[in-house]
Amino acid sequence: MLKTPGKKNIKQPRSLENTLFLFFRCLLDYMVCIYLLLILAVMPFYFSDGYGYIGTDKAAFFTRVARDMCIPLIILLAIYGSLALIRYFRDSRRPWKQFKASLSAVDIFAAAYGLAVILSYLCSPYKSYALWGAEHWYMGLFTQLALVVSYFLISRAWKPRKLMFCLMFPVSAAVFLLGYLNRFGIYPIKMEYASPSFISTIGNLNWYCGYVVSVLFGGIALLWLGSAQKPWQRVLLTAYAVLGLGTLVTQGSDSGVAALAAVLIILFWLSAASPERMAGFWRIMLTFCGSCLFTYAIQKTGLAELNYWSDPMQILLHEWFLFPMTAVSVFFFLWGKFDQRHGVFRQKLYRFLAIALMGAALLGIVLLLVLAAVNTLRPGSLGPLSEHPMFSFSDRWGSKRGATWKAGWMCFTELDLMHKLTGAGPDAMWPFIVMDGSQELYSMVVNNFGENISLANTHNEWLTVLVDTGILGLAAFAGLMITSIRDFMRRTGKKPLVCACGLCLLAYTINNIFSFQQAMSASTIFVILGMGRAFERHTAS
């Protein structure tokens, strides 16, 4: 039987235009991969002179990477964009509709944030300062735009690779190990100016905590969802979680423990409807308990002593809390295993417990605020608790978060109407305080932090964004974070890598209620944001 020539599947040769388009798209992909390697694998270890200027070193490294890649990227994007336009006008399949369909709320808010930062800079009276940002900090216009551009390049030009995402784990494991050892006074790497206030190769406690929460919960999410199929993968992922949780508990910043508590509550809520997820949750809890027990044993046996203690550490590593928490975790884990063997899942019970746990957490927050308000208005009304700074709204509240939050809010209220919309300028809070702030504002800052401290942020990311980029900037940034967390976490169980990115963003956002943007964690979280969107687009196509 003869085959009809018209039926034969003959591969059509590519046109020169298509060949060039694919070639330059490949070049863009490779350049993004280089950027990912530098941010995820090199930057966490980069420093020049111990802890003396390690924050500045990280910021300078990021600035150098972004600046050096800027010109070749512009050339590549110009050529690639021109070829894409040619293809666009030659495509008869209504590509505009395809383009609109590919946009998400995350993309729109990211673009809006970039525009808000530019507008803030153009309207700022401190342009020379706002271009690069505060000295030693450098979170100004250039850095903010580099972060936004990195999101779009990763989400659009990068070919998603699971291996590149998992590169975070061995790198951060090395950082975690150094941080954990440092907490016991052990320094495998000699660091000048070492003290308990600095840790691992990241630096200040807040910097380190911001990095830990940005990457650790990616591994926690994969362990929770059972994404590691092979035994050796499960062992490595469990070891990573034990090490990461161990350093998160002992690093010393309370905001990291708050992020951990919030994530565990949310994971339990999300697990209530699925036996597989609930089994994963109790696996995470056993890992957490095992990590705390290991630290407790080292401390109690005298093998090594922790050189820093915080209030959450006093609780989590104390017998009256640690042992009951471990017993409860073991009980529910074994009970779940027993039910699985008999094909039973107590969904109603777990839903009730999830609602009760969420309600108790919210009630606890409200109760804390009420007690603090009562004690502030009537000092001494809480008895022994009255002396604890947590139960009194003052400049000392939350390790002087009260002073930084008050300074931020005073800055915003003192801005004129236009600058309430556009802000003082990217990373320009301090020049506003010095040059245009009220005497009351300046005196309050000096009284709390001294004359040699430049208050560049409020220790609350969203409040800082409000001061620096105004209502427009905050609306865009908050929308970016909220929609990305919502969209990524919706992929729970279906797209584990997307969900893992969402959990990192959630932990970062909760942590930064009490912390701030800085080059290390901000560059990492925007990489994770771009990766999550790339995985989402790739798996949806």
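Me: Which residues in helix 11 are buried?

Reply: Ser255, Gly256, Val257, Ala259, Leu260, Ala262, Val263, Leu264, Ile265, Leu267, Phe268 and Ser271 are. Each is called buried because its relative accessible area is under 20% (1.4 Å probe, protein chains only). The model is predicted: local features need pLDDT of at least 70, side-chain atom pairs count only at pLDDT 80 or more, and totals for chains, interfaces and linings use all residues. Residues are numbered from 1 along each chain as its sequence is written, and side-chain values use heavy atoms, with hydrogens and water left out.

Me: Why is the space lined by Met139, Gln144, Thr464, Asp468 and Gln517, among others, called a cavity?

Reply: Because a 1.4 Å probe fits at its points on a 1 Å grid over the protein atoms alone but cannot get out. This is the largest cavity, with 15 lining residues (an atom within 4 Å of a point) and a volume of about 150 Å³, the space filled by probe spheres set on the points. Helix 20 (residues 461-489) gives the most to this lining, five residues.

Me: Which helix gives the most to the lining of the second largest cavity?

Reply: Helix 14 does, with six residues. The second largest cavity holds about 110 Å³ of space, and 14 residues line it.

Technical notes. Buried < 20%, exposed > 50% of the residue type's maximum accessible area, 1.4 Å probe, protein only. Helix = DSSP H or I, 4+ residues; strand = E, 2+ residues; numbered from the N terminus. 1 Å grid on protein atoms, 1.4 Å probe; cavity = no way out; pocket = protein on both sides within 12 Å on 5 of 7 lines; lining within 4 Å.
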